[in-house]
Amino acid sequence: MILVVGATGFLGRETTKLLLNRGERVRVLARTRAKATDLEQLGAEVIQGDLIDQPSLERACTGVQRVFSAAHSLLGAGKYKSEHVDGAGHQVLIDVAKAAGVSHFVYTSLLGASPDHPVDFFRTKATVEEYLKASGLSYTILRPSAFMEWHMHLFNGKSILEQSKTTILGRGTKPRNFIAVRDVAYFANFALTDPTARNHTIDIGGPQNLTNDQVAALYATLAGVTPKINHVPPAVARILSIVMKPFQPGVSRIMYIASLPDNAFNETFDPEALQKAYNLSLTSPEVFVRERIAEASLKPLA
């Protein structure tokens, strides 16, 4: 039995489907049971609970051999603030998994996570990485770059397709790496089912580094639209970060990141070694955008 925590998110859902397709028994932990209806219909067992509810974690881990955590609370507030979910919650999950006799734990971290990172979310990920390594559990740590589904589409290109406009936080000039969730799910599946992945940390990124401005231009070009593109200047983002922190710490975090200079931390990735090691064809930004255009019933340019 494999437990997937965060199964109703982009990565958790994609990974759960892959596992079910290969005949694995899968249990999913979902904060809102209704959001996991499609996974239940495909054969997954659903348990309602979350990372701040230890009894639900104990129920979920009973009889489980492998755990995959794809949950995060980057934008969380109140009791679901990042430090409660991404930090303490994951440490409790690791402890519960060990006590339940879980044989392997796969954790979704973040490319560039480090103890001295300028962004607290990255520092929290690094702390959990070390906690897992010290737990005595067999582990695999996945460190993907920014998900295309979030950082290219929802935060940028979706509004270009729907409204011919978008707002980019910060300068929009920093090169970043983007990875399609389906490619990360491939590595999650590998980490859960192949013993050679045990006790390894895998950095994962897509085939191309682009700025947010370039992402907007790619959407506009392929959709054949001339969008209105606005920027929230770094100084304004910094003020918003301070103002929002007491009641919207997740949004405040995003604004803080947007306020940083382009060289504050590196977000690029060279995929050559990854592609060579795993013989994997990674989804390109262009392919991803064309798929989103097709979903929006727009005809892409040739």
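This is a predicted model: local features need pLDDT of at least 70, side-chain atom pairs count only at pLDDT 80 or more; totals for chains, interfaces and linings use all residues.

Me: Why is N279 called exposed?

Reply: A residue counts as exposed over 50% relative accessible area. N279 has a relative accessible area of 73%, and is therefore exposed. Its phi is near 50°, a positive value in a residue other than glycine.

Me: What makes S164 partly exposed?

Reply: Partly exposed covers the range between buried, under 20%, and exposed, over 50%. The relative accessibility of S164 is 31%, so S164 counts as partly exposed. S164 lies in the loop between α6 (148-163) and β8 (165-169). S164 is not a glycine, yet has a positive phi of about 60°.

Me: Why are α4 and α5 called roughly parallel?

Reply: Two packed helices are described by the angle between their axes and the distance between the axes. The axes of α4 (residues 82-99) and α5 (residues 120-134) come within 10 Å and cross at roughly 5°. Angles under 35 degrees count as roughly parallel, and α4 and α5 are therefore given that description. Among the residues in this contact are H90 and I94 of α4, and V128 and Y131 of α5. The contact comprises five nonpolar, six polar and two charged residues.

Me: What makes α3 oblique to α4?

Reply: The axes of α3 (residues 54-61) and α4 cross at roughly 40° and come within 10 Å. An angle must be under 35 degrees to count as roughly parallel, while roughly perpendicular begins at 65; α3 is therefore oblique to α4. The crossing of these two helices is right-handed. In α3, Q54, L57, E58 and C61 take part in the contact, meeting G89, V92, L93, V96 and A97 in α4. By class, these residues are six nonpolar, two polar and one charged.

Me: Why is α7 described as mostly covered?

Reply: Buried means under 20% relative accessible area. In α7, ten of the 13 residues are buried, including V184, F187, F190 and L192.

Technical notes
Residues are numbered from 1 along each chain as its sequence is written. Side-chain values use heavy atoms; hydrogens and water are left out. Helices (H or I, at least four residues) and strands (E, at least two) are DSSP runs, numbered from the N terminus. Buried means under 20% relative accessible area, exposed over 50%, partly exposed in between (1.4 Å probe, protein chains only). Axes are lines fitted to C-alpha atoms, for helices over the stretch in contact, and angles run from 0 to 180 degrees between N-to-C directions. Angles under 35 degrees count as roughly parallel, over 145 as roughly antiparallel, 65 to 115 as roughly perpendicular and the rest as oblique. Contact means heavy atoms within 4.5 Å. Ala, Val, Leu, Ile, Met, Phe, Trp, Tyr, Cys and Pro count as nonpolar, Asp, Glu, Lys and Arg as charged, and the others, Gly among them, as polar. A crossing is left-handed if the near helix is turned anticlockwise from the far one by less than a right angle, and right-handed if clockwise.
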